[in-house]
Amino acid sequence: MAVMLKYIIAGLVRYWLIHTEYWQTIANRVEIATPLNSWKRLIEGVYLYDHGINPYEGDSFHESPIMLIFFHFLLKYAPFVLPVLFTLVDMLTAYFLYKTSKAFVQILQSNQEKTKKTIAEDSKALLLDDTHLNEVPEYVLSVYLFNPYSVLNCVGMTTTVIHNLLVAVSLWGAASGHRLLACSFIALATHQALYPITLIVPISILLADVNKGCNKCSYIRTLLVFVVCWGFLIFISAYIMDGSYSYVYNTYGFILNVPDLKPNIGLFWYFFTEMFEHFRLLFVCAFQINALILYVVPLTLRFKKEPVLLATVLIALSTIFRSYPCIGDVGFYLALLPMWKHLFTFMQQKFIAGCAFIITSALGPTVWHLWIYSGSANANFFFGVTLSFATAQIFLITDLMFAYLKREFTLKHGSSRQVDGKPAKLVLR
Amino acid sequence: MKKTFFFCIYLFLSINILCVTGDVFKEEIFIKPLPPMHLYVNFQFITQIIGDAFEHSHLAPRSLREIMSHYQVEELHLTLTEGQWRHKQWGYPVLDAAPGAELYAWFSPNVSNVDEQWKKLSSTLSGLFCASLNFIDNHNTISPQMALWPLGAMYTNVNSTSYLRYASLPREIVCTENLTPWKKLLPCESSHGFAALLNSRLIHNTNYHSIGVHVRKTCQNEDCTDHNLEIKQTVSLVYDFKIINSVNWSFKLLFGQGLFGACPMSTSSKIYVDITSNSTVPFKLTPLPHNIARSSRGGSETIFAIYDINHDTPMINIGAKYGIDNKFLLPVSPPLHFNRYVLGYGKEFGGIVTEITNTYWAPIDIVLLENAPWWLPIQLSTLRVNGEAESNLVMKQYYSPGRSRQRPYHLELLIRLPPKSTTTVTIDFEFVFLKWQEYPPDANHGFYIGSAIISANLPTAKNYTSLPIDGVTFDSVFNASKPWYSAVFRTNGAMVSLPTPDFSMPYNVICLACTVVALAFGPLHNICTKELVLKPTGSPLSLRQKVINFFKKKKD
């Protein structure tokens, strides 16, 4: 009952905000709308398509052709349904996150049962009991429904709303063992934004864990299904654009090459504004490797027992380091954090990270206004705030991972910090 | 004896060459007082080469002929302008030009790569006229589909718009450096004839000055099997009586000297003064004109005073003396006038508005060409004519979206302007954040948006002074009533201020951004490669002990 009430209130808040006079301001803000997901550019692309001009000829439209066709029909036949549609999609995302966290809680309980023997005696208190675990899905739901980042993302009618739904459904599919669902939705999410491709690793591990059987066959099967789905989507998109693959340069090429330097909450824009042209290719490659490839293998090797943590961390890292992040992405991974609420006692930097989040979120729009409208500040102010926001997110994620390691250690060796009677410190070596 | 012998040889040769090649050179000045306190002076130097013999002309400049033949250019128009023509106050000029540099050309259908030839053409012209036309590149060139039409003879079975290229550089300025090579193209250069009046210190002291080169091909006969090449060099000036400090203008006041006869190479040198306004604000011309002509064109009557100058005419200083000082002309609204401005505040979003007023009693069809540079992305979905998105005033639309650093945004609209009304065309744009090396020096000066082109077929010749399409010299204007009069106008340009990054920051930005990346890399590396162990800490050392330990280590 309380859950239904939460849905209704969150839905009403989003629906009402879309109909206020502030909708246009929210939909145009740089933190919410990037060149990849903004509503304005979607309208422009659909308008060009309606008038027989190829939207991928110009520089304004960067969505996939599937999205183009979907919104073309929606805007032609039912434009009034759009606010309701975006609100419903957000509600669905919240629902799938709820289901995912429920499935995750079951996985956690079963894992805990298996490893009960290796737990040290004095850490038994740390084990999770059912009351704790049953609260987790409710927290996940509340965080996604009421956190201002996701609310503003939905009100701005950005396509990240749809992207979040796709990733949430794929996570739920993986956590409940539905291979086709997980792979097809992650292929759809990759087709839209490219960065979710890193999630195929935790999803394959999760599917192998949930579907008992030979692990290697499961991995290969997952990979095959994913590749087939993605290839099919690329082919369908080319078919929509009359057989030409020129849309690839405007979608994937745009994400990888970063030609548009519009400010956003990421690190790329000012870096590439102020960089020497000679080194552009080097730094583009360096940044994209950092965002896409660098942390996948090491983190997988470290966290292969805990694929949901791996998924959370990979989603968070790709949000921080991607080329055009927006706060909708941030809101999504913040909603995954309550699944790890048993790690919060081991986290040391919650206060700093939390304060930094609040301060930078409030300061960002202020210095943007000062730079662009008042003319009294300059680009460095907004860049500084962006850097602080990225640092706060990095602190949060690394702290979460350290907390996991500490909890593992404590579960195995007990909570005494003493070696041969002498006081000792817990260090990484 | 020897002198007369050589003179006879010279005369014989020149007559011979004249008969063989038949080149003709004419020069003309047109003067018209403009309301309220301005004076329009338009110079025209026309060289006609008979036949296609590009190599053997003795009057036409070789540099231009070589450019036309080498780059296979059919028609060329180049103007360098400073100032803005005020259509509402001054009526229409003989040839309108956009502020800055404007170049457009039609290439021959034999050309395989038009863009390459265009780049070579603009670079060569940039060297010839000392103007920075080499900045013309694919990222600021468009191919107008409806707005511009050739004035000369063209192949009929070819889609001429695919061989047309147009570029405008609103930031260019015009000065003596451009005038001097321009003058060198004339047969008499600046030593004899009307070009001697072009004293750069005085002609640049005007509200509007524009120098132009227009080359086109004309037909020799009805079937147009042979063509002539016509090179027209123009100078348009608008003097302000307040700047020259006198209402009584004269050549000495305008050009610093009188006219010492015509160029010996010209077959016709005439000065036309528009004295229609003599009835309202009377003035007296001195010396008296050689004859007066009345012209009735499109319903409006014009009276011209004509002076015929030969090369041995003594010094003539044409001037006007106004009777009463405190009378000035009232501006009469031409049938079509326009205004263009930029909307919006802040450096995030904005809009361009073009207001076109039709004061005529019947609808006029115009083509509006908006040429937005690549750093000003205009959004076609926000196009509104009189506030409506899909207006029925727009009869045809052509849009070519631009790409960053590759193509500009090109929008053409065929609009039917309702009678006696103002039509507003609005389109929104977003500001683009450029790389730090793409800003010009003095980045906060702003960026210029070029003029829009408005092409119209006007039903009336009120305030219209342009030559008809088949006319060569100015007297083709007399009684040249036609069913419609084609005109191509340029609106005023605009300026926007783009948001700038901090130019002193490259090193700092790289350091800071890489620091943040390292802040993530460090802990993640530690997490992935190390494991947690318990390390005994022991009792804390005092500061004195630490310092002693430090020096002990160093000694070892």
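**Note on salt bridges, interface and selected residues**

1. The side chains of A:Glu135 and A:Lys341 form a salt bridge, 3.5 Å from N to O. The term means a side-chain nitrogen of Lys or Arg within 4 Å of a carboxyl oxygen of Asp or Glu. The pair links distant parts of the chain, 206 residues apart. A:Glu135 is in helix H6 of chain A, and A:Lys341 is in the loop between helix H18 (327-336) and helix H19 (350-374) of chain A. Helices (H or I, at least four residues) and strands (E, at least two) are DSSP runs, numbered from the N terminus. A:Glu135 counts as partly exposed because its relative accessibility is 35%. A:Lys341 is partly exposed too, at 21%. Buried means under 20% relative accessible area, exposed over 50%, and partly exposed in between (1.4 Å probe, protein chains only).

2. A word on the basis. This is a predicted model, in which local features need pLDDT of at least 70 and side-chain atom pairs count only at pLDDT 80 or more, while totals for chains, interfaces and linings use all residues. Residues are numbered from 1 along each chain as its sequence is written, chains are lettered from A and ligands numbered from 1 in the order in which they are written, and side-chain values use heavy atoms, leaving out hydrogens and water.

3. Over all chains, the whole structure has 19 salt bridges. One of them joins A:Asp260 to A:Arg41, with the closest N and O atoms 3.4 Å apart. These two residues are 219 apart in the chain: A:Asp260 is in the loop between helix H13 (252-257) and helix H14 (268-273) of chain A, A:Arg41 in helix H3 (residues 39-50) of chain A. Both A:Asp260 and A:Arg41 are buried. A network of salt bridges links A:Arg41, A:Asp260 and B:Glu430.

4. Chain B has a local example. B:Glu66 and B:Arg62 form a salt bridge, the closest N and O atoms being 3.0 Å apart. Both lie in helix H2 (residues 62-70) of chain B, 4 residues apart, about one turn of the helix. B:Glu66 is partly exposed at 41%, and B:Arg62 is exposed at 56%.

5. Now the interface. Chain B and chain A bury about 6,000 Å² between them, and carbon and sulfur atoms give 66% of that. Buried area is the accessible area (1.4 Å probe) that two parts lose on being put together, summed over both. B:Phe433, B:Leu532 and B:Leu534 supply 13% of what chain B buries against chain A, more than any other three residues. The contact (heavy atoms within 4.5 Å) takes 56 residues from chain B and 69 residues from chain A.

6. There are 2 salt bridges across this interface. A:Glu277 pairs with B:Lys435 in a salt bridge, the closest N and O atoms being 3.3 Å apart. On the side of chain B that touches chain A, H9(B) gives the most, with 16 residues.

7. B:Lys32 deserves a look. This residue is in strand S1 (residues 24-34) of chain B. B:Lys32 is buried yet has no salt bridge; B:Asp274, the nearest side chain of opposite charge, is 4.4 Å away. For charge, Lys and Arg count as positive and Asp and Glu as negative; His and the chain ends are not counted. Not counting residues up to four places away in sequence, B:Lys32 touches B:Leu39, B:Tyr40, B:Asp274 and B:Thr465.
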